[in-house]
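Hi,

Here is the structure I promised to pass on. My notes on its pockets follow below.

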2 protein chains.
Amino acid sequence: MSIEKVARFAGVSTATVSRVLNGYKGVRPATRERVLAAIAACQYQPNLLARQLRTSQSRMLLVLVSNIINPFCSRVVRGIEAEAEAHGYHILLCNSDSQTQRESAYLTLLSGKVVDGVITMDAASNLPELRKMIGDSPWIQCAEGNPDMTGSSVTIDNQQAARKAVQHLAQRGRRRIAMINGDPRYFYAQQRESGYRSALAELDLPWSGVEYANEVECEAGFAAMKRLLEAEEPPDAVFTVSDVLAVGAMHCARQHQLTIPQDLAVLGFDGLPWSAMLSPPLSTLEQPMHQLGTRSVQLLLQRIKNPLAPQVHERLPCQLVARASS
Amino acid sequence: MSIEKVARFAGVSTATVSRVLNGYKGVRPATRERVLAAIAACQYQPNLLARQLRTSQSRMLLVLVSNIINPFCSRVVRGIEAEAEAHGYHILLCNSDSQTQRESAYLTLLSGKVVDGVITMDAASNLPELRKMIGDSPWIQCAEGNPDMTGSSVTIDNQQAARKAVQHLAQRGRRRIAMINGDPRYFYAQQRESGYRSALAELDLPWSGVEYANEVECEAGFAAMKRLLEAEEPPDAVFTVSDVLAVGAMHCARQHQLTIPQDLAVLGFDGLPWSAMLSPPLSTLEQPMHQLGTRSVQLLLQRIKNPLAPQVHERLPCQLVARASS
DNA sequence: CTGTTAGCGCTTTCAG
DNA sequence: CTGAAAGCGCTAACAG
């Protein structure tokens with residue numbers, strides 16, 4: 001069931017079969033019919049690998065995330081996939097767990113021509129060795145990425161978002177605002193922490209407290225909150241870097257007999273749909289998750305089409321949704 | 001930077017370069033060194049596409065899920081990816097949204113030799129046209145799949161799990177136990193509903209009420225609960241087919257001034273980590289999500305290695321975790 | 001131990 | 001409008 005058999009069956013050359021397969025115009029209707037019939041008769045299925053090798057394009061995109069279990073990631077990936085599919089591309093998913101070794105293993109698919117480009121949602125850009133592997137292959141950093149560096153990116157303004165968070169909490173009368181941050185190797189985590197600190201300074205709030213969650217799971221949020229609450233001077237508000245962490249933080253507060261928001265105000269991040277349905281409903285900074293994904297694909301495809309396209313750093317809007325938890 | 005250039009550079013044949021690349025033993029250390037040096041000098045990166053075409057194996061697995069946003073799916077996929085990676089395989093992710101057309105578009109990657117096998121978490125097995133596309137390519141159905149049909153599967157005993165759910169709720173004194181089910185095109189949904197109804201019958205509970213959520217999102221759970229609560233005879237307990245739906249159901253109950261579990265007992269499904277941290281903590285049927293994924297890969301790889309391996313239908317255990325919501 | 005050679009299945013000039 | 005033929009880059013017999 002190769003193209004040759006079909007050709008023999010139809011009594012034409014392989015070139016002609018290829019032409020009808022790819023919908024070229026210059027084929028006499030009669031022969032086209034004959035070829036089509038042969039294809040059906042042979043139950044022919046093109047070998048995509050061979051085609052990809054020959055045309056040197058796979059129409060596949062590599063998506064490197066730290067962990068698809070993070071609902072923020074899965075929603076962005078959904079956007080990526082939707083847009084990719086709309087342009088006839090497929091996606092290869094890789095969970096790196098932020099392990100350099102795994103990331104580089106996946107990046108060989110890039111140099112190996114198995115994928116036409118890559119979207120990273122990981123801290124890859126911070127590692128010179130990975131940047132080197134990517135070389136100047138088409139690459140977009142999504143929801144992470146330092147504009148001062150090379151490589152296009154589409155993100156929100158993380159520093160600004162964190163400032164909004166602190167300002168909101170301060171407006172509600174909170175004085176000891178803590179932060180539960182993510183892995184500080186991420187640029188987004190650095191930015192949010194910097195925004196947090198600068199807002200605190202501007203508002204003349206001397207108290208600060210930052211704890212790091214080792215992963216984006218509610219248990220990690222719980223543990224971080226515990227450390228915060230059992231410190232000498234516990235916070236009266238907490239800003240977490242993910243709604244998932246906020247769930248853990250809220251649970252911990254309840255275990256400590258604290259009422260939300262009276263005793264502790266809680267503010268999440270991401271804007272996952274279920275944040276509105278928690279008890280109490282969670283205030284959060286809503287990220288345009290789907291759009292982060294679709295836009296990344298648009299820029300990536302643009303880059304694939306024209307490798308010389310200029311690098312861009314897009315910033316998508318992010319807004320605070322105030323609810324009962326703060 | 002093809003293998004030929006490296007060969008020329010090292011003064012050997014392409015065969016020898018290929019040999020050292022693939023770690024064959026029969027190469028004199030001296031030549032091996034020379035080749036290695038040439039590879040480094042040329043910054044050679046093997047074209048994986050060419051290799052895949054030649055060896056006719058891509059070491060890629062297609063994973064067909066309805067929607068990666070469902071946390072149950074993302075956790076299973078995590079298991080799939082972990083096991084796949086451990087065996088040197090990569091995964092191609094497809095969100096089908098249960099649209100036949102999209103599923104079949106992805107399945108061409110199977111016939112096109114882009115992937116060596118497929119794991120479906122979708123209702124694909126229920127559609128003859130898709131089964132035909134899969135043909136006898138290596139295929140495992142994960143968390144879904146009718147044992148009466150061809151095609152190996154690894155699932156839990158959905159019928160049994162639903163019975164446990166009803167029994168638990170009845171034991172707690174509930175008489176009007178409702179169910180919020182998923183898309184009834186899924187075999188798992190059919191099985192759970194059948195388990196629900198048979199348990200009700202066995203317990204002599206005449207009241208029943210089933211609503212269907214059109215997607216696994218909390219909003220859908222909310223809407224379904226609303227229909228249930230606004231009916232003439234509202235339930236005093238509800239069993240949802242996913243923890244995500246339970247979040248919506250609980251929120252709806254609160255809006256209706258109902259206290260959980262006094263006025264309404266709630267029981268979820270899946271056992272997502274954050275279910276324990278809701279307020280009140282959610283009782284749920286815990287599925288072995290990670291294992292569902294890893295086991296599927298094991299069976300699939302077995303099948304890829306030996307296409308004649310017998311079909312199996314594995315059932316993994318699932319247990320009820322009782323918490324404050326019921 | 002190493003080289004020669006024949007493809008994997010497809011697309012794409014270049015002739016006719 | 002159609003065919004012949006040259007590869008894409010790699011692996012794997014088969015010789016030597």
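The largest pocket has a volume of about 1,200 Å³. A pocket here, on a 1 Å grid over the protein atoms alone, is an open set of points where a 1.4 Å probe fits, with protein on both sides within 12 Å along at least five of seven lines; lining residues have an atom within 4 Å of a point. The volume is the space filled by probe spheres set on the points, which are joined across faces, edges and corners.

Of its 34 lining residues, the closest to the centre are A:M1, A:Q45, A:P46, B:S111 and B:K113. Helix 4 of chain A gives the largest share of this lining, five residues (helices are DSSP runs of H or I, at least four residues, numbered from the N terminus). By class, the lining has 16 nonpolar, twelve polar and six charged residues, where Asp, Glu, Lys and Arg count as charged, Ala, Val, Leu, Ile, Met, Phe, Trp, Tyr, Cys and Pro as nonpolar, and the others, Gly among them, as polar.

This is a predicted model: local features need pLDDT of at least 70 and side-chain atom pairs pLDDT 80 or more, while totals for chains, interfaces and linings use all residues. Residues count from 1 along each chain as written, chains are lettered from A and ligands numbered from 1 in the order written, and side-chain values use heavy atoms, without hydrogens or water.

The second largest pocket has a volume of about 690 Å³. Among its 22 lining residues, A:S111, A:K113, A:M133, A:S137 and B:Q45 are the closest to its centre.

Best wishes

Technical notes: Helix = DSSP H or I, 4+ residues; strand = E, 2+ residues; numbered from the N terminus.
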